[in-house]
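Thanks for coming. Please look at the model first.

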Amino acid sequence: MRNQPARYPPRRMTSAPTSWLDRSRKGALPLVRWGFGFATTLLLIGMWGRTVTVDSSTVSEAAKTVVDADVATERIYDWLEAGIATATGAAPASVEDVSAAIAQRPEFDAAVDAVVDQFVAGLFAEPGTDPVVDVEAALDPLVPVVVAEATRRDVPVEAESIERALDAATMVALDTGQGATVATAVRETRTFLSVVVVIAAAAMAITAVVAVALSDRRYAMVRTLSVRVLISAMTYALLFRVGAWALDPQRGRSPVLNGGSVLLGSNGHVFLIAAVVAAMVGAWGGYVAWRRTRVRRAPTHVDLSGDDTRELQPV
């Protein structure tokens, strides 16, 4: 008889259908990893921002750059010129010559810096205080400089007369409400960022646990998540550095941009510490995953040293 063709085509071998639980797990894992990345971003930015608010020296330096020093320079120059004119009675041209020479001295710059520092300190005064700028204390070091420059230009003057003339600008009272507003704003920002850090850390921990639980290779997932944190931390450290330079490359574009540059360029060690911790965790997870893969792939040795010589015979 001839070989009859098969009535039914042969069945194809197919793999077992994926269960609904496996499909759900694979679909949820990318979402969980996205949530982990979002929580990582909030945590890194929140930690950096809170560190900046605690760093009073950085905040004061940023505020000092925002305060226009030209205003203080012009005000002190006007006080000085008026004081020299009152004390000496010299001609306006001679008074202007002496004042211009004093403005080029480092003592004059130090007086301007002292006034600006007191003004910034007054802005950060606690509510209920009465901050003032002691102009007399800032201008006292200029008295011998005024006498020396005036004498060099043959303008007779005495130190006592200069001191009496400068006594007209003794204290400058600041707006207490403004000082309270700045101090309160810093405190409220610190509180808000502390809440952000706590929530972001909790979300990051929860999403990390869920991602590891959903993964087939848990230690490899630990390594993957750690690498994400490492890359994010290094990226933010680089971006903030570049941003600080881009805002004000020459530190003189504008007071506001200069203050923003100071803030962005500060406390970059927060990102570096986070990167180091993530690198250590990732190295541990990668090592454990590598060890387990090596053990899983190790060949199984069969002992064939016995005397069993039985052979299979066809039946």
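Helix H5 has 18 residues, which at 1.5 Å a residue should span 26 Å, and its end C-alpha atoms are 26 Å apart, so the two agree. The expected span here is 1.5 Å times one less than the number of residues. Helices are DSSP runs of H or I, at least four residues, numbered from the N terminus.

This is a predicted model: local features need pLDDT of at least 70, side-chain atom pairs count only at pLDDT 80 or more, and totals for chains, interfaces and linings use all residues. Residues are numbered from 1 along each chain as its sequence is written, and side-chain values use heavy atoms, leaving out hydrogens and water.

Back to H5. Its buried residues include Phe 108, Ala 111, Val 112, Val 115 and Val 116. Buried means under 20% relative accessible area, exposed over 50%, partly exposed in between, with a 1.4 Å probe and protein chains only. Ala 110, also in H5 (residues 106-123), counts as partly exposed because its relative accessibility is 43%.

Next, helix H10, residues 218-247, which holds Ser 226. Is Ser 226 buried or exposed? Ser 226 counts as buried, because its relative accessibility is 7%. Beyond its neighbours within four places in sequence, Ser 226 is in contact (heavy atoms within 4.5 Å) with Ala 278, Val 281 and Gly 282.

Of these, Val 281 lies in helix H12, residues 269-297. Val 281 is partly exposed, at 36% relative accessible area.

Notes. Helices (H or I, at least four residues) and strands (E, at least two) are DSSP runs, numbered from the N terminus.
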